[in-house]
Amino acid sequence: MAARQSESGQPIEPVYGPGALDGWDHAERLGDPGAFPYTRGVYPTMYTGRPWTMRQYAGFGTASESNARYKQLIENGTMGLSVAFDLPTQMGHDSDAPLASGEVGKVGVAIDSIDDMRVLFGGIPLEKVSTSMTINAPAALLLLLYQLVAEEQGADPQKLTGTIQNDVLKEYIARGTYIFPPQPSLRLIADIFKYCRAEIPKWNTISISGYHMAEAGATPAQEIAFTLADGIEYVRTAVAAGMDVDDFAPRLSFFFVSRTTILEEVAKFRAARRIWAKVMREEFGAENPKSLMLRFHTQTAGVQLTAQQPEVNLARVTVQALGAVLGGTQSLHTNSYDEALALPTDKSARLALRTQQVLAYETDVTATVDPFAGSYVVESLTDQVEAKALELMEQVEERGGAVHAIEQGYQKNEIERSAYAIAQEQDSGERVVVGVNRYQLAEEDPYEPLTVDPAIEQQQVERLARLRAERDQGAVDTALAALRKAAEGEEENVLYPMKEALRARATVGEVCNTLREVWGAYVPTDAF
């Protein structure tokens with residue numbers, strides 16, 4: 001029998017036995033759950049006490065529409081909210097900016113000011129929910145708007161829990177929603193770390209993301225290698241800014257994909273935990289056990305969903321979710337089966353959540369910690385993925401670290417090569433995609449997608465016009481001037497004047513444009 005290749009290009013043998021683990025040291029490679037090197041999970045009891053946090057990523061159209069979806073998800077049993085923002089918000093543009101035309105409310109909710117944020121979370125007690133926000137370059141703004149609305153509700157900022165993605169390095173590599181050049185972006189991230197430690201201590205300050213690299217075509221080994229390399233860059237930045245590693249590292253979190261290839265995905269998660277624990281202890285001298293723990297959120301693989309026979313995606317998402325759970329994720333979002341066609345309908349979003357609930361409450365995967373521990377194949381694959389990831393991380397280091405490697409186009413080029421190879425395999429039929437290149441239907445069943453009302457853009461433009469007419473423009477100008485002064489210097493934390501500008505009803509675009517004028521906007525090099 002010939003060996004198959006894993007997604008990372010390593011052989012998967014037809015049969016594994018004790019010989020696969022000859023000389024394998026249990027204490028060094030595996031350990032106990034909740035103990036270094038955390039291969040078996042970051043907590044001793046994992047899901048035997050309570051399941052992972054079930055999040056559903058939602059946001060579209062207006063803030064009021066998204067608010068209604070969030071309340072419905074909470075009623076259906078969602079344990080944490082996960083906010084999607086539209087493209088103009090992600091790029092720091094107001095809805096009435098020329099560049100926003102045609103994109104308002106399309107891939108997420110439009111947030112232009114504190115007024116929109118009040119509507120988005122109206123009637124939702126922010127002190128009692130955990131909220132994840134998928135926002136990067138303008139992450140500081142959305143976090144501060146969230147805090148301001150929570151304070152208006154009477155919430156104690158010391159009790160607010162959630163996560164901002166805030167991972168701009170992966171934007172340069174795989175996604176493209178960057179605003180500022182790398183160095184001021186890293187300065188802003190360091191300011192967020194400091195601000196949250198003082199003001200919102202339970203908030204996860206960054207979700208270092210491999211998900212988007214995987215969606216762009218990265219292999220599992222590339223996904224964790226380039227993600228952990230970015231994490232190392234963020235830690236170095238914070239330490240260089242004068243922070244003690246154990247003051248901020250416990251609030252770092254990660255974000256990975258889960259594909260349909262269960263065995264390698266489980267191995268990937270286990271390898272990532274082991275690598276990160278060793279890096280934090282050996283390179284940075286972290287002493288707090290929480291600084292060594294790679295805690296992560298997982299989303300099922302949107303790129304593997306198909307528009308053909310979309311109901312088959314229910315099976316794909318279930319398999320992907322199972323891989324994330326067996327791999328020890330701390331929270332999980334399951335994609336809706338119709339996402340390859342349009343924004344999820346209410347029914348499909350509910351089915352996606354029910355998938356997690358079936359796994360948590362109707363199977364036995366939560367009965368024991370790390371069911372695959374000691375498996376000949378999974379332990380062998382874990383070692384393989386770890387070795388390949390470390391090799392790639394060394395390539396990043398040889399180029400001067402993550403930022404210099406990004407500027408040379410290294411990670412992006414590696415991912416694009418992998419994506420091209422996958423496309424060739426699918427086109428040739430070597431890689432089977434059910435319903436696409438095998439087991440097709442002559443005619444697809446009709447499907448009625450959820451659509452976004454094109455009038456939303458005009459409504460947002462009108463809301464902005466009213467806001468600018470009603471607010472105290474003098475207060476806005478004064479606040480933006482204070483923000484500019486802080487950004488021009490190097491000592492002041494920009495989040496404090498930024499918060500006051502947003503409180504005065506400055507818009508997301510106005511705040512970002514103030515920083516653009518000081519820091520500039522990032523333009524990729526020819527290497528990209």
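Biologist: Is strand 10 (residues 296-300) largely enclosed or open, and why?

Modeller: This is a predicted model, where local features need pLDDT of at least 70, side-chain atom pairs count only at pLDDT 80 or more, and totals for chains, interfaces and linings use all residues. Residues are numbered from 1 along each chain as its sequence is written, and side-chain values use heavy atoms, leaving out hydrogens and water. Buried means under 20% relative accessible area and exposed over 50%, with partly exposed in between (1.4 Å probe, protein chains only). Because five of the five residues of strand 10 are buried, the strand is largely enclosed.

Biologist: Which residues of strand 10 are buried on each side?

Modeller: In a regular strand, side chains alternate between the two faces of the sheet. Here both faces are covered, with Phe 296, Thr 298 and Thr 300 buried on one side, and on the other His 297 and Gln 299.

Biologist: What is the bridge partner of Gln 299 in strand 11?

Modeller: Strands here are DSSP runs of E, at least two residues long, numbered from the N terminus, and two of them pair if DSSP finds at least two bridges between them. Strand 10 and strand 11 (residues 331-333) run parallel, joined by three bridges. The partner of Gln 299 there is His 333.

Biologist: And what is the relative accessibility of Asp 167?

Modeller: Asp 167 sits in the loop between strand 6 (161-164) and helix 6 (169-175). Asp 167 counts as buried, because its relative accessibility is 0%.

Conventions
Helix = DSSP H or I, 4+ residues; strand = E, 2+ residues; numbered from the N terminus.
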